[in-house]
Amino acid sequence: MAGGRRGRVGVMGGTFDPIHHGHLVAASEVQAFFDLDEVIFVPTGAPWQKAHRDVSPAEHRYLMTVIATAANPRFTVSRVDIDRGGPTYTLDTLRDLAAALPEAELFFITGADALAEIFTWRGAEALFEYAQFVGCTRPGYTMDDDVLAKIPGDRVTMLEIPALAISSTDCRERHRRGEPVWYLVPDGVVQYIGKHDLYAPKTTDRA
Ligand code: ATP
Ligand code: MG
């Protein structure tokens, strides 16, 4: 960590199925705004909110996240949620990272859609003990003021970031329909999706 000060570390949790430029711009903007030493991307193990759909194997999501972040010296990827096994709860993510980085000040980065749901997360009240929360603007979502008012004021910041109306769901659907995902996700991720035939039409979808 830089110059003896307590490290300032961003934590960007996500399913990253696939990682796209919306994630990368959010992480980069928060890194610059808070002068973070590092942003750790943490792909989920089994995301409990997405139990209703098939999520790509964790190793594919992990490798796409590594490919997408490799060129940025401040970006790293953690396997903590993947290796823990079972459904991923952000409280466990933050506890594990706080234990591994006891000196660090943690900033948990979310989009406005995810932050709006925060009180449905397990152990929501305790989350703010471990990290400051940063809610990034996201096209199509407005932050619920009632939710914002319930978060301790010194533990949350809303940050306006350049609008990118990109979602992993849309990337998967575009790929399934044979439409390009070039420039929505990093080039290496486009190639990885093709190489491993991720998001191919399901057999039942085929005529
Ligand atoms: P899905 O459509 O599968 O839910 P997603 O695009 O929402 O995928 P996630 O992996 O669910 O991506 O999101 C991880 C985090 O990144 C969440 O906090 C989410 O709000 C945030 N995020 C995702 N896309 C954007 C975007 N375009 N702008 C700002 N934040 C984003
Ligand atoms: Mg999402």
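Arg177 is exposed, with 9 other C-beta atoms within 10 Å. In this predicted model, Arg177 is found in the loop between helix 8 and helix 9. Its C-alpha atom is 22 Å from that of Lys50, and the two residues are 127 apart in sequence.

**Shell around ligand 1**
- Ligand 1 is surrounded by 18 residues.
- The closest of these are Gly14, Gly22, Gly111, Ser168 and Thr169.
- Four elements each supply at least two residues of the shell: helix 1 (21-33), strand 6 (105-111), helix 5 (112-116) and helix 8 (168-176).
- Helix 1 gives the most, with three residues.
- By residue class, the shell around ligand 1 holds nine polar, six nonpolar and three charged residues.

**Helix 2 against helix 9**
- Two packed helices are described by the angle between their axes and the distance between the axes.
- The axes of helix 2 (residues 58-69) and helix 9 (residues 187-195) cross at roughly 155 degrees and come within 8 Å.
- Helix 2 is therefore roughly antiparallel to helix 9, since an angle over 145 degrees counts as such.
- The crossing of the two helices is right-handed.
- On the helix 2 side, the contact involves Leu63, Met64, Ile67 and Ala68; on the helix 9 side, it involves Gly188, Val189 and Tyr192.
- The residues of this contact comprise six nonpolar and one polar, with no charged residue.

**Gly45**
- Gly45 lies in the loop between strand 2 (38-43) and strand 3 (46-47).
- Gly45 counts as buried because 23 C-beta neighbours lie inside 10 Å, and the cut-off for buried is 20 or more.
- Leaving aside neighbours within four places in sequence, Gly45 is in contact with Ala58, Asp81, Ile82, Arg84, Gly85, Gly86, Pro87 and Thr88.
- Thr65 is 20 residues from Gly45 along the chain, and their C-alpha atoms are separated by 13 Å.

**Cis peptide bond**
- The peptide bond from Asp17 to Pro18 is cis, with omega near 5 degrees.
- Pro18 is found in the loop between strand 1 (8-14) and helix 1.

- Asp197 lies in the segment after helix 9, and its phi is near 55 degrees, a positive value in a residue other than glycine.
- Tyr199 lies in the segment after helix 9, and its phi, near 60 degrees, is again positive in a residue other than glycine.
- Tyr199, by contrast, is buried, with 20 other C-beta atoms within 10 Å; a count of 20 or more is what the term requires.

Key. Residues are numbered from 1 along each chain as its sequence is written. Chains are lettered from A and ligands numbered from 1 in the order in which they are written. This is a predicted model: local features need pLDDT of at least 70, side-chain atom pairs count only at pLDDT 80 or more; totals for chains, interfaces and linings use all residues. Axes are lines fitted to C-alpha atoms, for helices over the stretch in contact, and angles run from 0 to 180 degrees between N-to-C directions. Angles under 35 degrees count as roughly parallel, over 145 as roughly antiparallel, 65 to 115 as roughly perpendicular and the rest as oblique. A crossing is left-handed if the near helix is turned anticlockwise from the far one by less than a right angle, and right-handed if clockwise. Two residues are in contact if their C-beta atoms, placed from the backbone, lie within 7 Å. Ala, Val, Leu, Ile, Met, Phe, Trp, Tyr, Cys and Pro count as nonpolar, Asp, Glu, Lys and Arg as charged, and the others, Gly among them, as polar. A residue is near a molecule or strand if its C-beta atom, placed from the backbone, lies within 6 Å of it. A residue is buried if 20 or more other C-beta atoms lie within 10 Å of its own, exposed if 12 or fewer, and partly exposed in between; C-beta atoms are placed from the backbone.
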